[in-house]
Amino acid sequence: MNICGLLTCIIGGAILEDRLADLERRSISIIREAKAQFKNIAVLWSTGKDSTATLWLCRKAFFGKIPFPVIHIDTGYKFPEIYEFRDRIAKEWNLDLIVARNEEALRRGMSPEKGKLECCTALKTEALKALIRERGFDALILAIRRDEHGIRAKERVFSPRDEDFRWRYEDQPAEMWDLYVKPSEDFSHMRVHPLLHWTELDVWLYVKREGLPVNPLYFARNGKRYRSLGCMPCTVPIPSNASTIDEIIEELKTSKIPERAGRAQDKERAYMMQKLRSLGYM
C-alpha cells in the first residue's frame, strides 16, 4: 500500500470511529435521561442485533449492570436459536429477564395462519399490554431505527402511548436541541428509542467494534442467512454467503435488498405496519 492509500485508511478509520463514538454517546444520553425521568422502566429484547446492541448500551450507561428489567415477548413461534441465545446471554449478563406470553391466545390456537395482523396483535401487542398493566411500567426502551421501515421514520425518541396503548402518529411531540421531555398530559407509558438515529450498517460496525455476541441466525448457511429475526412462520432467509461480521458489513455496503425483505409481506406493507404500531406493536 502506498502512502496515499495508507493515509486514506487512517482517515477513514478515524471518521468511522468518531461516528460510532458519537452515536454511542447520544444513545447513552437518551437511556440515562429516560431512567432519570421515569419511575418504572424496562427494555425490550428480541435477541436480534439491534436489541442486543441496545442492552449493551444500557450496560455501558450504568457501568456494567442494567438497573431495570429486560422483557422478551415470546410468541411460542420463535426459532430455537433465539431461545438458546436469550437464555445464554441473560445468564452471562446477569439480566433481570421477564418472559411475556399470551398463554390464553396460544391455548385458543392463535397462530400466523389466523392472519399476520391478528397473530401479531394477540401474541405480541396484547402480551406486552398485559405485562405493562401487571407491572405498571411507565416507560419502555425499544431498539427501533428510522431507516428500518418507512413507518418507523415517523417516530420520535420519546414517543408516548395513550391509555389504550395507541400510538398517535399524526400528533407527536416536537423534539428540538436533543431535549426529550415527557408530556404533561396523561399517557399510559412512553416508548424510548435510543437507536432511532442509527442505520443497519452502523449497528453491525458497532457490533464488530464492541465484540458483541451475535445470534447465529444472522450468519449464512448453504447460501442463505436471516437479515431480520422474527417468528419462524413469518421469516425467511435471504440469499447470502456472508458468514462473518466482516462479510455482512461488506454485503450491506452494496446490497439493494430491504432489511425486512425476509419478513411476512402482508405485515410489512406500510399501511399494515402503521396499523399494528398504532395499536401498540413494537
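Partly exposed here means a relative accessible area between the buried limit, under 20%, and the exposed limit, over 50%. Keep that scale at hand for this predicted model.

**Stop 1: arginine 101 and aspartate 74.** Select both side chains. They form a salt bridge, with the closest N and O atoms 3.0 Å apart. Arginine 101 sits in the loop between β3 (97-100) and α4 (103-107), and aspartate 74 in the loop between β2 (70-73) and α3 (80-92), so the pair ties together parts 27 residues apart in sequence. Arginine 101 has 35% relative accessibility, so it counts as partly exposed. Aspartate 74 is buried, at 6%.

**Stop 2: arginine 209 and glutamate 210.** Select this pair next. Their side chains meet in a salt bridge, 2.9 Å from N to O. Arginine 209 is partly exposed, with a relative accessible area of 28%. Glutamate 210 has 18% and is buried, because the cut-off for buried is under 20%.

**Stop 3: helix α7.** Select residues 245-254. Glutamate 250 and lysine 253 both lie in this helix, three residues apart, about one turn. Their side chains meet in a salt bridge of 3.1 Å, N to O. Glutamate 250, at 47%, is partly exposed.

**Stop 4: a network.** Finish by selecting Lys49, Asp50, Arg145, Asp147 and Glu259. Salt bridges link these residues in a network.

Key:
Residues are numbered from 1 along each chain as its sequence is written. This is a predicted model: local features need pLDDT of at least 70, side-chain atom pairs count only at pLDDT 80 or more; totals for chains, interfaces and linings use all residues. Side-chain values use heavy atoms; hydrogens and water are left out. A salt bridge is a side-chain nitrogen of Lys or Arg within 4 Å of a carboxyl oxygen of Asp or Glu. Helices (H or I, at least four residues) and strands (E, at least two) are DSSP runs, numbered from the N terminus. Buried means under 20% relative accessible area, exposed over 50%, partly exposed in between (1.4 Å probe, protein chains only).
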